[in-house]
Amino acid sequence: MSTRFFGERVERKEDDRLLRGHGRFTDDIGENALECAFVRSPFASARIRSIDVAAARTMPGVVAVYTAADVPFGDLDLPLLIPHPELTQPRTQKCLASEVVRYVGEAVAFVVADSRYLAEDAADLVEVDYEPLPAVVTPEVSARAEHLVHADVPGNVAADVTQVVGDPDSVLAAAPHVLERRLRIERSAAHPLEGRAIWARWDASEKRLIVYDSTQSPTSIRGGLAVLFGLPETSVEVIAPDVGGGFGPKIMLFNPDELLVPHAAMQLGRPVKWTEDRREHFTAVTQERAQVHEVRFGFSEEGRLLALDVDFLHDGGAYTPYGLILPIITAAQLPGPYRVPNYRVRFRDLYTNCTPTSPYRGAGRPQGCFVIERVMDAIAAELSLDRAEVRRRNLVQPDEFPYAVGTMWQDGGMTVYDSGDFPELLRIAVEALGPKPEGEGIGMGLAMYVEGTGVGPYEGAHVQVLVGGKVVASTGIPSQGQGHGTVFAQIVADELGVGVDDVTITSGDTRRFPWGVGTFASRGAVMSGNAMANAARAVAEKAKRIAADQLEADPADLELAGGEVRVKGSPGRSMPLAAVAILSNPLRYAFGGGAEIATQFQPRARPGPPLAEGDAPGLEATGYFSPVTGSTWASGCHAAYVQIDPRTFSLKFLKYVVVHDCGRVINPMVLEGQIQGGVAQGIAGSFYERLLYDEDGQLRNASFMEFLMPYATEIPDVEMHHIETPSPLNPLGIKGAGEAGTIPVAAMLASAIEDALGVRVDEMSLHPSRLFELAKPR
Amino acid sequence: MKVNGRELPDAGDPRLLLSDHLRHGLGLTGTHVGCEHGVCGCCTVLLDGRPVRSCLMLAVQARGHEVTTVEGLAADGSPLHPAQQAFHECHGLQCGFCTPGFLLVTAAFLRENPDPSDAEIDDAISGNLCRCTGYANIRRSVRRAAELSR
């Protein structure tokens, strides 16, 4: 196989449109669509006494106002996306609440009008009479169960899951050193700069529904809408056009708008569009991260971790549409790159009167990483050992792969690391970081992580050589900026021996590829990348078969290169890929473009029917990739020097080093962009952004004025190093990279701040006022 | 009002935001709306050559002024503006949603300060949020745009 583009810093093919302002985001689609606004609950917990929409309905410019009573699916519970046998008390919300609201921002009514301005005016006219109830806000309050989020869920517990590896109790009882920590992590939010948006049109004559959705999974939306509306799947098309960032929440499916906008479009016979505003995004879009961990750990005189017991509470929010995925991930990979021979982990997934949770970049991993890295630092402090040395003594060694952690993984199988070289990551990071700079308030931070990436069940791709010789390829998963249009083109171009500019990728458009799962869990490159390679290889085989007849050669002697199929070592014996594409489709009519070579009176290279038995017309193929079970495990090490200003407690990065292993790298430029962006989001969530819920469940800082998303002035340039331990689990040897940058940042920063201020850090996120409190002499 | 050198119709509705008028009235959807409260900078356009938040202005306030949107940086079919070219070369964009705002800020900034220091670059772009790139490549892009503009 040629590796001309794989591994190269190929400049992005998708840039030109976006740079010229010609991108197509969902809200850019107009076509005279009616526009919408939601009436949302201002209370975190309340009974609805009545809803009066009369004034809104009669307002000029208003086309429709929907409450639960006005839609045929008003009584339906939204789907439980990932059922799990141990999720004993799952609850999902209804499209529009009619009896009880359980978080601020829960949708109550939906207004459709001639414009967004009028829809918002009308939404203000909807009168909802609420009887406020006590709110359950933090995981600790939820665990006390003085009030219930769902009256029929005892103790607010959606699930209570325990896993045991080895014999933690007796090993802890006998361990030379035992420490305990209570480690608390607050909520975070992804905030892609494009919020959620959806546009729908019903074609009444063809009975087809067309939906544009700023989603991470158009194929799932399509399936769900077909079921909901009783339409054949083949009559529903869902397209994720340009998506302005996702980072997780856009994988959450069946937000109320995703049902109501298509429903309104079908009922009203006009295109309908809803675009979220930022304030709605703060309360109505899923969040993540809040967990409280009670940790007990025993270790030897040499600092080897002998046993670890973690009991944590997961704040699941008001509903559990995404199942138990987040706490399962925390529990499964909490041991990180370290040997933990005896491990018990228990979690309780608890209901609170806050926005429901679903994965946000990292998805349960930053919390697990925070716990194990705090454990490593605590061991180092207790034994007065170097922090890097303690980690070195506990790392899984390169000859131990595949390495079984002993826990259940998020795909239903077991947690097994496929490959890696953890000691090398640490060695490079420490070396690259270099000596500590002179100065006041400087701390060194260190954290390592693993990331299970590229989970199944599968993705697919279709690759076709057009009659002009250009190549089009498509896959079901959409891009939110990760460069799918470039990296997949690199893979296909190499397989077909064409230029990367000759390949055009379409992703996330069910009209082009209706099968697939979605973009999440750092799986796009692993799953669709390998599917692309499989499809392109099948196309190459077919091209060789057709060309072999023409060139009177054995297909095994042919190769694809330079846009041609040619006999290896015989210059001149070749034919253009375009001609092969034409010949793949036997013709009666020459329609131009050189098609006459495939018509019926031309000499034929091969006896038998024009289309060989078992063959299909067209130089195209579909390929899939579906791992048996398990993930490809990326890993890395972050190390940094930070400086804390002794008066303002502001934070400055003096140096930030990332050593990263995601197997074989397709495009280092795109990869480094993912890592730098991930680090920025990690810093943001660890030190600047907070979700300040008060005890009534009101988010007190629901705007960018008070939720301090960092600007360039807060984010350092990261120095990056790569090592490559190819994954044995897929033909391309790649592992996912999308979330890695974020995962260890909170842990690294805790380590650095501890070092800089000489205080113990047991919580995230931090901020200057909190550092001031921590540093105050007691 | 004049947009990208052409005289275009005003907004009919006096309460229409400039951002909405550009996007939905005039079809210039390259101007994006990220927060509608003037923090993210996605909706940045140039008003008489200076960056403004089009979500914080009414369309009628632009009457008699000259507005430049991202579509006005380089004509269709012609080479990219140096800022656009630099963002491409340096991978200064991922999802592309914040990009128009950064491009317009960069274009205006480099006109005033063709040879900026790193600190001046950070300061210049510190009114625009990007959630994808982590800014490192945006800094490089602005530096590169300065080179390309010389």
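Predicted model: local features only at pLDDT ≥ 70, side-chain atom pairs only at ≥ 80, totals over all residues.

Reader: OK, which residues touch the most other members of the largest nonpolar core?

Author: A:Ala109, A:Val111, A:Val492 and A:Met532 do, in a core of 299 residues. A nonpolar core here is a set of buried Ala, Val, Leu, Ile, Met, Phe, Trp, Tyr and Cys residues joined through C-beta atoms within 7 Å. Buried means 20 or more other C-beta atoms within 10 Å of the residue's own, with C-beta atoms placed from the backbone.

Reader: And which helix gives the largest share of this core?

Author: Helix H14 of chain A, residues 524-551, with 14 residues. Helices are DSSP runs (H or I, at least four residues), numbered from the N terminus.

Reader: What is A:Met532 in contact with, leaving aside its neighbours within four places in sequence?

Author: A:Ala461, A:Val463, A:Ala473, A:Thr475, A:Phe488, A:Ile491 and A:Val492. Contact means C-beta atoms, placed from the backbone, within 7 Å.

Reader: Switching topic: how many residues does the contact take from chain A and from chain B?

Author: 41 residues from chain A and 43 residues from chain B. On the side of chain A that touches chain B, H16(A) brings the largest share, 6 residues.

Reader: Now chain B. At what angle do the axes of H2 and H5 cross?

Author: Helix H2(B) (82-89) and helix H5(B) (136-149) cross at roughly 135°, and their axes come within 8 Å. Axes are lines fitted to C-alpha atoms over the stretch in contact, and angles run from 0 to 180 degrees between N-to-C directions. The two helices are therefore oblique, the class left after under 35 degrees (roughly parallel), over 145 (roughly antiparallel) and 65 to 115 (roughly perpendicular).

Reader: What about H3(B) and H5(B), how far apart are their axes?

Author: 10 Å apart, and H3(B), residues 99-112, packs on H5(B) at an angle of about 45°. That makes this pair oblique.

Reader: Which residues meet there?

Author: B:Phe102, B:Thr106 and B:Leu110 in H3(B) meet B:Ile138, B:Val142, B:Ala145, B:Ala146 and B:Ser149 in H5(B).

Key
Residues numbered from 1 in each chain as written. Chains lettered and ligands numbered in written order. Buried ≥ 20, exposed ≤ 12 C-beta atoms within 10 Å, placed from the backbone. Contact = placed C-beta atoms within 7 Å.
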